[in-house]
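Look at the structure first, then read the points below.

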Amino acid sequence: MAEAVIRFDHVNKAYGDTAVLRDFCLEVPEGECLTMIGRSGCGKTTALKLVNGLLTPDSGSVYVRGQDVSATDRIALRRSIGYVIQSTGLFPHMTVGKNIAYTPSLSRMWDRETERLEVACLLKTVGLEPELAGRYPSELSGGQRQRVGIARALAARPSIMLMDEPFGSVDEITRRSLQDELRSLRDELGLTVLFVTHDIGEAFRLGDRVLVMESGRISQLDTPERIAAAPADDFIRELIEDRK
Amino acid sequence: MEFIRSVIALYAERWQWFLGLLGDHVRLALTAIIISGLLGLLIGVWISDRPKLAPAVIGVCNVLYTIPAISLLGILIPFFGIGNRTAVTALVIYGMMPMVRNTYTGIVNVDPDIIEAAVGMGSTKRQLLTRIKLPMALSVILAGLRSMVVMTISVGGIASFIGAGGLGVAIYRGITIYNPAMTFAGSLLIALTAIVADLLLGTAEKRYRKKRRMK
């Protein structure tokens, strides 16, 4: 197994009295797409936010490329990690182009001409017309917004992508095509992806490995095939049966 | 009809005097608007990050806002004497409330998902404020500015009771020499100034929203 790009080392996290992650250990090797699935409140989103330092563990550590997240420059870390959330979080007061160029603009990475070219290229990468760059998010369809959210996360050329139910609010057909595109993007760019979802079909389709979580613990972590063949407990069996 | 004719006659006869007063009035109001605008914005931004402090600060601004204008001017005289300085101070104290409240409300009501996306993408605190929070709160802040400007222009009318300049001078003189036409002429100009300022800011606000395709 390649060296772990993301590593959780005995992480505990609680909100008040409610434990969200209990002694959570996980290694994600470079280039893997790991999908995380579980009931809402099982801790999957919390795990994701620990990676880019939006949350800090109560005990234990999270390492990204060997660096302890709580001891590193979090601003720089976040700029090097793509982050996509369900509601897309597109900035309504900026054009699509400005949205996509946001992270690079924070460190003045691009001049105006580079920005125009890069934005056009990123829009094409996610299957959108470059002409959309001048539009505002309110003028886009749900699927287009999700794509722009992905393009924006890719802008600073991250090697890691954190995705929190990024396709949760689009229709089934759009979701399928977004999933296909994410897969080919991942292969093309060699991204390491942590992908949170509550849709077992999506988890199986996208994940090299699937992590099933229940109340802050890993209940099963394996390839989709092996999980389907031998579900570790009733919860997973139910999930798989629901799918059929 | 007779009355309106006498007001028009007054304008025609003493237009230079009225123009001078109008200039003084605009200068007085503008000074107060700039100071309370900046100060209110700064305080609003400052408390938007301090949820424990915010209600206290807004409470103080609300209390100050409820003091009747004439009595606030009276209270300030021992400290600042009479004249423009006291008038500006009083107007700034009034102008604080709408600015602080709207800046604060505008910022804390920015969609938390958007804040999270911006932080997760690596914004510093300052970048988050200047690129996301303030632009997104701008239309609420502009609404506060609008009401503050209109209020400052009209309350500025009583500043001459403590010896400050402006169109209040015409009102005050009209009262003392029993010339209602003069009082009316001064008041009318104040009202027109306030309406023009409101229209200008309203147009600016509309253009901003339209440019950003916001409803």
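Chain A of this predicted model has 10 helices and 10 strands. Helices (H or I, at least four residues) and strands (E, at least two) are DSSP runs, numbered from the N terminus. This is a predicted model, where local features need pLDDT of at least 70, side-chain atom pairs count only at pLDDT 80 or more, and totals for chains, interfaces and linings use all residues. Residues are numbered from 1 along each chain as its sequence is written, while chains are lettered from A and ligands numbered from 1 in the order in which they are written.

**Chain A overall**
- The C-alpha trace spans about 55 × 45 × 35 Å along its principal axes.
- Of the 244 residues, 43% are buried (20 or more other C-beta atoms within 10 Å of the residue's own, with C-beta atoms placed from the backbone).

**Interface of chains A and B**
- Contacts (C-beta atoms, placed from the backbone, within 7 Å) join 17 residues of chain B to 18 residues of chain A.
- Helices H6 (112–120) and H7 (125–155) of chain B each supply at least two residues of the side touching chain A. H6(B) gives the most, six residues.

**Helix H4 of chain B**
- The 12 residues of H4(B) (69–80) should span 16 Å at 1.5 Å a residue (1.5 Å times one less than the number of residues). The end C-alpha atoms are 16 Å apart, which agrees.

Methods
Contact = placed C-beta atoms within 7 Å. Buried ≥ 20, exposed ≤ 12 C-beta atoms within 10 Å, placed from the backbone.
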